[in-house]
2 protein chains.
Amino acid sequence: MSGETENPGEIRPGGRTARTRDAVCRSTLQVLAELGYAELTVERVAERSGVHKSTIYRRWGGIDGLVVDALAFAVDDDWEPDLSGNVEANLMEFARMALASFADPVYGPTHTAVVAAAFQSDRAVDAVHRFFADRFGRTSMIITRAIENGELPQNTDPEAVIRALMAPIYFRLFISRQSVTDVDLEQAVQAALAAALAGVFENQERR
Amino acid sequence: MSGETENPGEIRPGGRTARTRDAVCRSTLQVLAELGYAELTVERVAERSGVHKSTIYRRWGGIDGLVVDALAFAVDDDWEPDLSGNVEANLMEFARMALASFADPVYGPTHTAVVAAAFQSDRAVDAVHRFFADRFGRTSMIITRAIENGELPQNTDPEAVIRALMAPIYFRLFISRQSVTDVDLEQAVQAALAAALAGVFENQERR
DNA sequence: GCGTTATTGCAACAGATGTCGCATTACAGT
DNA sequence: ACTGTAATGCGACATCTGTTGCAATAACGC
């Protein structure tokens, strides 16, 4: 990490500040993993992290801020999709990975928490919005590659395909609260591909 | 309403009890419509309804109970889908109606609240689960009819098509927090139909 | 090193949230 | 009407949530 010199001269990102953020974010993730979003309170994070309650309120504002920052703290910025197979295989691989990430004891509850927080906090809404823009943006490479290979129609909108793929999975996980099996993943992949092949996701219908 | 005689002799569903439930549910819906889920507190509902705080806690348990009961209170049990057109038209009509219902000043916030409450309450999870089972069950008539008319493959799973149609809409509304336009609805309908026509939603693959 | 000051700790506080025992009300059966 | 009792009202209470003023600490520039 470098580039501490571009600060306006008022903020101090130095050692202590970084340490408290580290402790608070770790504790937040820990509580989410152990007890879940419903049991996440500022006081509990304060106790575990050793950082005082008022400090947390001042810097993070509340639960929503904690969740948002914890996600940013935990997320892997260097992720890129696997492009080693055909579209179908690549999408299926991605879908499996996404589902597995929700089963991860740390990342799963954290992601769930941000989605939950978005129902009550505009900051969380922004965070969710940015998260999906980033993730789906990266993943759309799978579709871009497929178009180049002639596997999908010329001006298919890549992100539309990804959204179509992931929407049913998120829907089952967070809205209708049904379990997601491997069969569901295959069905989602097949459905997204069938729609894409039928030209549903072509952006400019220049027929 | 009739059938008060089948009570086990301990519960009193008579006048007062019904009135308090009525008052509490109405106030809950009113607060949700005016201020939204984030501002929904037991005390506020108590004030507006004139029902005492402790009564609400005893009978409804808390916010989640209020939201669940308010949904049951507000929901239209006699709804049935319009079957006057072809599949595409009927699905589009349904999708438009569903989206419009979220814009409804009372029903929209209420539905949102139940989905939100499901992140923290098992009772809300049950309610959401039942709600979708009911709604999607009814709507699947559109698909059943289409299969009879030969518009869709023989053993297409009706509910799978409905889920495929609605998932992207719910995803945009509640997860990725993007606006939903009429174009999005059309795309969702087209995508679901394309997948169904391709045989993605056939239950027993007896190829 | 040394002073300035952002950051944090501390503690007291107001308000919201949820629980409980007891008094009061009103439904249901006679 | 009269009675037993479920349902509600009432208020006191413990707990949780979030805020604020002030003191202690440690980062940054010199």
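Accessible areas come from the Shrake-Rupley method with a 1.4 Å probe; for residues, only the protein chains shown count as cover. On that basis, chain A exposes about 10600 Å². Carbon and sulfur atoms supply 47% of that area. The model is predicted: local features need pLDDT of at least 70, side-chain atom pairs count only at pLDDT 80 or more, and totals for chains, interfaces and linings use all residues. Residues are numbered from 1 along each chain as its sequence is written, chains are lettered from A and ligands numbered from 1 in the order in which they are written, and side-chain values use heavy atoms, leaving out hydrogens and water.

Chain A has 207 residues, and 47% of them are buried. Buried means under 20% relative accessible area, exposed over 50%, and partly exposed in between (1.4 Å probe, protein chains only).

## Fold of chain A

Chain A has 10 helices and zero strands. Helices (H or I, at least four residues) and strands (E, at least two) are DSSP runs, numbered from the N terminus. The C-alpha atoms of chain A fill a box of roughly 60 × 45 × 30 Å along the principal axes.

Contact means heavy atoms within 4.5 Å. Of the contacts in chain A with a separation of 6 or more, 64% join residues 24 or more positions apart.

## Interface of chains A and B

Chain A puts 33 residues in contact with 33 residues of chain B. The area buried between the two chains is about 2900 Å². Buried area is the accessible area (1.4 Å probe) that two parts lose on being put together, summed over both. Carbon and sulfur atoms give 74% of the area buried here. Phe119(A), Ile175(A) and Arg177(A) supply 24% of what chain A buries against chain B, more than any other three residues.

## A helix pair in chain B

Helix α2 (residues 42-49) and helix α3 (residues 53-60) of chain B have axes that come within 9 Å and cross at roughly 115 degrees. Axes are lines fitted to C-alpha atoms, for helices over the stretch in contact, and angles run from 0 to 180 degrees between N-to-C directions.

From α2(B), Val42(B), Glu43(B), Val45(B), Ala46(B) and Ser49(B) take part. They meet Lys53(B), Ile56(B) and Tyr57(B) of α3(B).

## Asp184(B)

Asp184(B) lies in helix α10 (residues 182-197) of chain B. Asp184(B) is buried, because its relative accessible area is 16%. Beyond its neighbours within four places in sequence, Asp184(B) contacts Arg172(B) and Ser179(B).
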